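Morning, everyone. I have one structure to walk through today.

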Amino acid sequence: MGDTQDWTAAPGAAERARSVLAAAWSCAVTADGAREEYVGAHTVTDDGAVRLAVPDDSALLTAAVCAPRQEPSAVLEFADVAPVPVRGRIRARLYLAGWFAADRGTLLFRPTRVVLRQPSGAVVIDLDEYAAARPDPLAEAEARLLTHLADAHPDAVERLTRLVRPENLHAATRVLPLAVDRHGLTLRIERTRAHGDVRLPFHTPADDVAQLTERMHALLAQAGAAACPHARGPVRGIGSQGGSGA
């Protein structure tokens, strides 16, 4: 069953990519035919370069030191995983192709190509836009916020479904919070053999957690008003996915 799709404010691809980087805890590096996984080892510079702390005996560090120009090519992959256990938990994958250089005991990676792959498709991001973008202000707090909403306030999630068009809830088996950013909250609607997402837009963007709290209270108040059939407002569906794969 497909959910309707209407436009609503959402982060652009460059901002989305920087948000994935800001929130990711691990990354996979493919270089010189080998793939290595790193956990808690990367930081991001203001212009989007990735600094990677690797062991002294890392093959990647050896390649960076020994390679001509000390710049081996590599691909970095970051997975954007929904913090709440939903079907299709991988929300996006970010791929950075570029060059490593040894720098002050770490490896500094500068991308020459940035690709964001989401369920809606892959987008190649302009490098200048990527460098200038900033993460969503809620990106690093999102996991804590969504797990708290799902675990401590399932009644609030249920109340928010009053803002969802009835046809989008047809045959739903459960509804869970999938994502939140400064523009709105996204709910995952799961059915027996498929799932779809709906987005609940905020009346104005939230620039921090305090503002998010106010925006959520406004949504819940709107949901309370929507208990009256004539008060229900439209909610934008943002696509549906079949099956249960990530």
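A contact here means heavy atoms within 4.5 Å. Keep that cut-off in mind for Trp 25. Leaving out residues up to four places away in sequence, Trp 25 touches Tyr 38, Val 39, Gly 40 and His 42. One caution before I go on: this is a predicted model.

Where does Trp 25 lie? In the loop between helix H1, residues 13–23, and strand E1, residues 26–31. Is Trp 25 buried or exposed? Exposed, because its relative accessible area is 62% and the exposed class starts over 50%. Phe 78 is 53 residues away along the chain, and the two C-alpha atoms are separated by 8.7 Å.

Now the overview. The protein has 246 residues, and 46% of them are buried. Its secondary structure comes to six helices and twelve strands. Take the contacts between residues at least 6 apart in sequence: 59% of those join residues at least 24 apart.

Next, the cores. In soluble globular proteins, nonpolar side chains tend to be buried together. Here, the largest nonpolar core holds 32 residues. Which members touch the most others? Leu 160, Leu 185, Leu 187, Leu 212 and Met 216. At least two residues of this core come from each of H4, H5, E9, E10, strand E11 (194–201) and H6. Domain 1, residues 13–132, and domain 2, residues 141–227, each give the core at least three residues.

Leu 212 is then in contact with Leu 138, Leu 145, Val 180, Phe 202 and Ala 206.

Leu 145 takes us to helix H4, residues 142–152. Which residues of H4 are buried? Glu 142, Leu 145, Leu 146, Leu 149 and Ala 150. Looking down the axis of H4, those buried residues fall within an arc of 120°, so they line one face of the helix. On the other side of H4, Arg 144 and Asp 151 are exposed. And what do the buried residues of H4 pack against? Two helices, H5 (154–160) and H6 (209–225). Also three strands: E6 (90–103), E9 (172–181) and E10 (184–191).

On to the rings. The count comes to one aromatic pair. The partners are Phe 100 and Phe 109, and the pair is edge-to-face. The centres are 5.0 Å apart, with 65° between the planes. Phe 100 counts as buried because its relative accessibility is 1%. Phe 109 is buried too, at 0%.

There is also a charge over a ring. The charged end of Arg 18 sits over the ring of Tyr 130, 5.4 Å from the ring centre.

Last stop, Pro 119. This proline is in the loop between strand E7 (106–118) and strand E8 (121–125). Pro 119 counts as exposed, with a relative accessibility of 53%. Its C-alpha atom is separated by 9.1 Å from that of Ile 90, 29 residues apart along the chain.

That's the tour. Happy to go back to any view.

Conventions
Residues numbered from 1 in each chain as written. Predicted model: local features only at pLDDT ≥ 70, side-chain atom pairs only at ≥ 80, totals over all residues. Heavy atoms only, no water. Buried < 20%, exposed > 50% of the residue type's maximum accessible area, 1.4 Å probe, protein only. Helix = DSSP H or I, 4+ residues; strand = E, 2+ residues; numbered from the N terminus. Arc of directions from axis to C-beta. Phe/Tyr/Trp six-rings, centres within 6.5 Å; stacked < 30°, edge-to-face > 60°. Lys NZ or Arg CZ within 6 Å of the ring centre and 35° of its normal. Core = buried A, V, L, I, M, F, W, Y, C linked by side-chain atoms within 4.5 Å. Domains from an automatic or database assignment.
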